Structures are given as structure tokens and as C-alpha cells.
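The following report concerns a two-chain model and is arranged by topic. Please consult the sequence and the coordinates alongside the text.

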Amino acid sequence: MSINRRSFMVSSLALTGATVLGAPAVLGQAKPRVVVIGGGAGGTTAAKYIAKDSQGAIAVTLVEENDSYQTCFHSNLYIGGFKPYEAIVHKYDALAKNHGITLAHTRATAIDRDKKEVVLASGQRLPYDRLVVSPGIDLKYDSVPGWSKEAEEAMPHGWKPGKQTRLIKEKLDKVPNGGVIVMVAPPNPYRCPPGPYERASMFAHVLKATGRKDARIIILDPKDKFSKQGVFQPDWEKRYGTMIEWIGPGVNDGIKSVDPATNTVVTGFETYKNCAFVNVIPAQMAGAIAQQAGLAPAGGFCAIDAASMKSTVDPNIFVLGDASIAGAMPKSAFSANSQAKVAAMVIRGELTGARTFPARYTNTCWSLVDTDDAIKVGGRYEPKDGKIAEVEGFISKPGETDEVRKATQEENMSWYAGIIADMFS
Amino acid sequence: MRKQLATIMRTSSRAALAGAALAALTAASSAKAGGDRALGEYLSAECTTCHQVSGRQDGRIPSIVGWPEDQFVAVIESYRDKHRDNPIMQTIAGRLTNEEVAALASYFGSLKPVR
């Protein structure tokens, strides 16, 4: 655990009451304090925008265990050989340097909502006036019979960045020609709706590019349909022939069990033995701390107010990104970034009296299918009848020209540079 | 900046049409320059997930920093009117009021690219 020098200074300021702001919510207090839990797309964006736009009037602490962020978004491009791993790793340092954010590289173990304090692994407590909770997802290790935390190396999920992502690539690289990869796809709701299908595309791309044209990828899905299905499937056929086979619940009749020791997957329809590798992407839930704090029901996600991203159970807490129930918005980095900006605006309004505006949200999800062939889906969202509703959307069309698909991939790569700059600089 | 703006003009798949339309739009623009900068700063958060506020351009997505306000307004309106064909920009622009477009033009126009 490390709290840097700035943290100490903030504490000292709070004790001496050196600065008094005319803030409506915290009148008479030294400086309003915002603590952000989670350094992903939601948390970093919220921390940055609160600190940047308040110009030092709000003390912001970002609690994140890791000293670098490995993006889930574009991790499939690493798997597909389109990016080196280093290209999806980013440091937090500029947030402290450029915006005065205190970085606490430790784990938040609990939220004391009565005292408005975050408890750190060291036992230290961080008081807050407003708390942003952006912990991402946790995996439901008991959602696939036979699979477990202990089995995640034998049958990796690759749905949290880091070692698991690398493991997926290592196993992909060892698949023999003629080998069968089975992907167990997750039920809704889950992080990155098109992600499993982009990943299957990347598997096929790598196998084809390395001469393993007789390998197969079988996706066993508990869902009747999936994101961008109407575009993915014709593209798979065009690019990869019969290499990728998607089998929905009407045919697979459910995943009955997996056996990590023998790489076997049993469905109600068929048993797949001696798979070259099995990628289990399990059911998901809000990050543990959100559940422990009572912001989400056990095994579930966090209800929020659509106009502010404020938790419906605690007006001092905002929940962002994958951990939240954000209506029509998918669980994506773009969504989390957009939600964070609304929360940051509301928080500044409450703590410093800054001007506020009606909430509006945007999202776009790009997926790479093959070299110079990307597709996208997205939309614009606003609060409506208590939920975040889509007001306008778009999706790539099957049969678009090569020129359009290439431009979409160029946009995808350019967006990545944009959101990273937005989060980390 | 002018070079980047020129590039955007050129890369439109309907550049000729857009070019003609732009002249008319600029002349009869309903979203006047000189908008509400604070509103523009808030709305800009919708843009900066893709367009870098520093003015840096990495790849296809252009810098939108430091443009003359009337030209910024004209480009947004050409997406709003679907003379330009990027669906993301059409969706973003389609929901902006004239006041909001002017506000964004004012905000981004006031920024200088970081060198």
C-alpha cells in the first residue's frame, strides 16, 4: 500500500481547514473530497474530469491497486497479433502530475457508508463527501459446472486483463492444425457484448494466417442472439469459410459441464473431447466491493439514477461502467467514459456549485473481424422514464465495401488513442 | 489546423456535394458563432472520447481544436443534414441544437493545439 506525498498534504489541509469554499453541500469544510474506487475507464475519467474542471477546488483520490492499467478493450487485438501487449498498458502518473489527483495504489476493502469513509487494505480510512465506485466486474466462478477459480489456468477466461489475456494467446499459439477451440460464451449482462465474437474472429485470423486452416472454433452460447450477429456471421463466412461455428441454446441445449483435466465440454447436444483449448467466459456481476457495500444485490449489478449515475441506495455514491445497470448502454469502456463525465459534472455541481446540464451519453463499440475489416455499433442515450434509453443508434451493415471496413478499423485504432488520452493525460 | 480541416473536407465521400453545401450553409448558418463556452465545454466531453483535446491527431480521427467557429458550425451541420456520411458523427450532430453547436464551436475554437 502506498499513499503518496500529495495524500499526506491533502490530509493536512483538511485538518487545518486552510481553505474554505462556499460550496453548498459542504459549507465550512476545508475542501470537498471525492474518492474514486477503480482505475478503469470509468474511474480514471471521473477522477480526471472532477480534478481538471474544479481546478483544485475538490481533492480527488483515486484508489487503484495496480500501478498500470491494462485495457480489456483492444486486448483481442493483442490476441490477434495486431498490437503488442505493451500497447495496451498505461500508467496513471500523469493524472497526479497534470491534475493533482492523489494516487492510492492499494485495494479498497470496504465502504463505510454511515461514516462516509473508504477502508483501505492497510486499515487506513479515506473520508469522502462523494464517492465514485467503478470496480468493473467480478466473475461467477460457479456459473459453469465443473469450472472454478482453480480451473482458470487450464480453461482461461481472458475476461480480465493481464495474465489471463496472455494465457489465451499462449494457448491459441499452440493449437494444432485440425484442433478444436471451444468458447463458452457468457449470458447477459456481461462486459463488452461483441467481445466474445471479436475474439473468435481473432482466433480464426491467427489460425488462418499461420496455415492452420483445418482448425475450428465452436462458440457455445447460452443466448439466442448476440451483438452485431447479423454482421459478424456473414463476415465470418466470407473471411473464414466454416472455421467459426456458432451454436445457440436451441441447438446446444445448455452447457452441462466442463472438465479442465481433459479439456472436455459436455452440452445437452454433444460432447467435445480433447479440445485444443477451451475458453470459458462465465456469467458476471458487479465488482465485489459494490456488493459488499450494499450497492448491488448479491450476484447482481448496481441500480443507478439515469440522470446522474448516482446509486439509488446512497445519494453520496455514484456507480460507473460495467458495475452499473445503465439501461440501454452496453458495458463498454466508451460507456464508462461517457457516464463518468456526467457523474463528474453532477458531483462538481453538488460540491462547488458549478453549473450543471442535462445528462447525455454516447457509446460506440468497434470490433475487428480481420485485417482492415472492422464493424461498429453505437448510439446516443438520454434519461427517459428513470432509465438510460437509446435515442438514436447505428450499426454496420452486412456487405459494406472493403473501403468502408478499412476506414472503420482506422477509426477504431484512432479512437483507442483518443480515449487513452482522455483517460490518462 | 487549416491543413487538417482541408483534409477533412477532402476525405468526405461526398466532398463535392458537401463543398457546395458548405458554402450555402456557412452563408445561411442557423447556428451562429459566439456561443456559450461553458455549455460547449460540458458538451465537448462527448467529443473528447475520440477527438483529442490537445489537438493531437493519431490516425483517422481529426483534431477539432482551434477551428474558425463558422467552419466548425458548417461541418457539424453537414453531418446533421447527413451530407456527410459517418454514422457516429451523424448521431452526435443530429441531437445537437443550434445553440449547442455554437457553444461547441466557441469552446473548441478557443483552444490552441498543444505543440
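## Helix H10 of chain A

Directly after H10(A) comes A:Gly353, which has a positive phi near 75°. Helices here are DSSP runs of H or I with at least four residues, strands are runs of E with at least two, and both are numbered from the N terminus. H10(A) comprises 20 residues and spans 28 Å from its first C-alpha to its last, close to the 28 Å expected at 1.5 Å a residue; the expected span is 1.5 Å times one less than the number of residues. The helix is mostly covered, with 19 of its 20 residues buried. A residue is buried if 20 or more other C-beta atoms lie within 10 Å of its own, exposed if 12 or fewer do, and partly exposed in between, with C-beta atoms placed from the backbone.

## Basis and confidence of the model

This is a predicted model, in which local features need pLDDT of at least 70 and side-chain atom pairs count only at pLDDT 80 or more, while totals for chains, interfaces and linings use all residues. Residues are numbered from 1 along each chain as its sequence is written, and chains are lettered from A and ligands numbered from 1 in the order in which they are written.

The pLDDT is the predictor's confidence in each residue, on a scale from 0 to 100. Chain A has a mean pLDDT of 93, and 93% of its residues reach 70 or more. Over residues 1–24 of chain A, however, pLDDT stays under 50, and the model has 40 contacts beyond four places in sequence for this stretch. Where pLDDT is low, the predicted coordinates should not be read in detail. Two residues are in contact if their C-beta atoms, placed from the backbone, lie within 7 Å.

## Overall form of chain A

Chain A contains 11 helices and 24 strands. Its C-alpha atoms fill a box of roughly 70 × 45 × 40 Å along the principal axes. A compact globule of 425 residues would have a radius of gyration near 22 Å, and the 22 Å of chain A agrees with this; the radius is taken over C-alpha atoms, and the globule rule is 2.2 Å times the number of residues to the power 0.38. Of the 425 residues of chain A, 52% count as buried. Among its contacts between residues at least 6 apart in sequence, 67% join residues at least 24 apart.

## Domains of chain A

Domain 1 of chain A covers 5–138 + 285–357, and domain 2 covers 142–282; these bounds come from an automatic or database domain assignment. The C-alpha centres of the two domains are 33 Å apart. Their contact takes 16 residues from domain 1 and 18 residues from domain 2. On the domain 1 side, helix H3 (residues 75–79) of chain A supplies the largest share, four residues.

By class, the domain 1 side has seven nonpolar, seven polar and two charged residues. Ala, Val, Leu, Ile, Met, Phe, Trp, Tyr, Cys and Pro count as nonpolar, Asp, Glu, Lys and Arg as charged, and the others, Gly among them, as polar.

## Chain B and the interface

Chain B has six helices and zero strands. Buried residues make up 43% of its 115 residues. Of the contacts in chain B with a separation of 6 or more, 80% involve residues 24 or more positions apart.

The contact between the chains takes 28 residues from chain A and 22 residues from chain B. Elements giving two or more residues to the chain A side are helix H10 (333–352), strand S22 (361–370), strand S23 (373–384), strand S24 (387–395) and helix H11 (402–424). The largest share, 11 residues, comes from H11(A). The chain A side has 12 nonpolar, eight polar and eight charged residues.

In helix H5 (residues 87–94) of chain B, the residues B:Pro87, B:Ile88, B:Ile92 and B:Ala93 are buried. The buried residues of H5(B) pack against S22, S23 and S24 of chain A, together with helix H4 (69–80) of chain B.

A:Glu411 lies in helix H11 of chain A and counts as buried because it has 21 C-beta neighbours inside 10 Å. Apart from neighbours within four places in sequence, A:Glu411 is in contact with A:Trp366, B:Arg60 and B:Ile61.

A:Lys48 lies in helix H2 (residues 41–54) of chain A and counts as buried because it has 25 C-beta neighbours inside 10 Å. Apart from neighbours within four places in sequence, A:Lys48 is in contact with A:Leu95, A:His99 and A:Met423.
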